[in-house]
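Visitor: Hi! I'm new to this one, could you walk me through it?
Guide: Happy to, here it is.

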Amino acid sequence: MSTIALIVAGSTFTGPAMNPANAFGWAYLDNKHHTWEQFYVYWICPFAGAILAGWVFRAIFPPPVKEKKA
C-alpha cells in the first residue's frame with residue numbers, strides 16, 4: 001500500500017518510479033532530461049534526504065561514549 005501511495009504521489013515528478021537513478025535513466029533515454037528544470041528531483045533531493053536521514057539517525061541513536069583507561 002505504501003509503495004503504491006508513493007508512486008501515485010510522486011508520479012508527476014519522476015514518473016512511476018521511486019528510485020531516482022531509474023527515473024533519471026528513463027527520462028534521459030526518452031530525451032525528457034534536456035533541461036535543468038527538474039535537476040533537484042534526480043540529484044539534489046536524494047543527497048539532501050540522505051544527509052537529513054543521517055542527522056536524524058544520530059539524533060535518535062547517539063554513538064556510545066568510550067571510557068578512557070587511566
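What follows is a short chat about this structure.

Guide: A word on the basis: this is a predicted model, where local features need pLDDT of at least 70, side-chain atom pairs count only at pLDDT 80 or more, and totals for chains, interfaces and linings use all residues. Residues are numbered from 1 along each chain as its sequence is written, and side-chain values use heavy atoms, with hydrogens and water left out.

Visitor: How many helices and strands does the protein have?
Guide: There are three helices and zero strands, in the order α-α-α from the N terminus on. Helices (H or I, at least four residues) and strands (E, at least two) are DSSP runs, numbered from the N terminus.

Visitor: Which element has the lowest mean pLDDT?
Guide: That is helix α2 (residues 20–29), with 71, while α3 has the highest, 87. The protein averages 77, and 71% of the residues score at least 70. pLDDT is the predictor's confidence in each residue, from 0 to 100.

Visitor: And what share of the residues is buried?
Guide: Buried residues are 11% of the 70 in the protein. Buried means under 20% relative accessible area, exposed over 50%, and partly exposed in between (1.4 Å probe, protein chains only).

Visitor: Switching topic: how many aromatic pairs are there?
Guide: The structure holds one. F57 and F61 form this pair, which is tilted, with 5.2 Å centre to centre and 50° between the planes. Rings of Phe, Tyr and Trp (its six-membered ring) pair if their centres lie within 6.5 Å; planes under 30 degrees apart count as stacked, over 60 as edge-to-face and the rest as tilted.

Visitor: Where is F61 found?
Guide: F61 sits in the segment after α3 (39–60). F61 counts as partly exposed because its relative accessibility is 48%. F57 is partly exposed too, at 46%.

Visitor: Back to α2: is N22 there buried or partly exposed?
Guide: N22, found in helix α2, is partly exposed, with a relative accessible area of 36%. The C-alpha atoms of N22 and Y42 are separated by 9.5 Å, and these residues are 20 apart along the chain.
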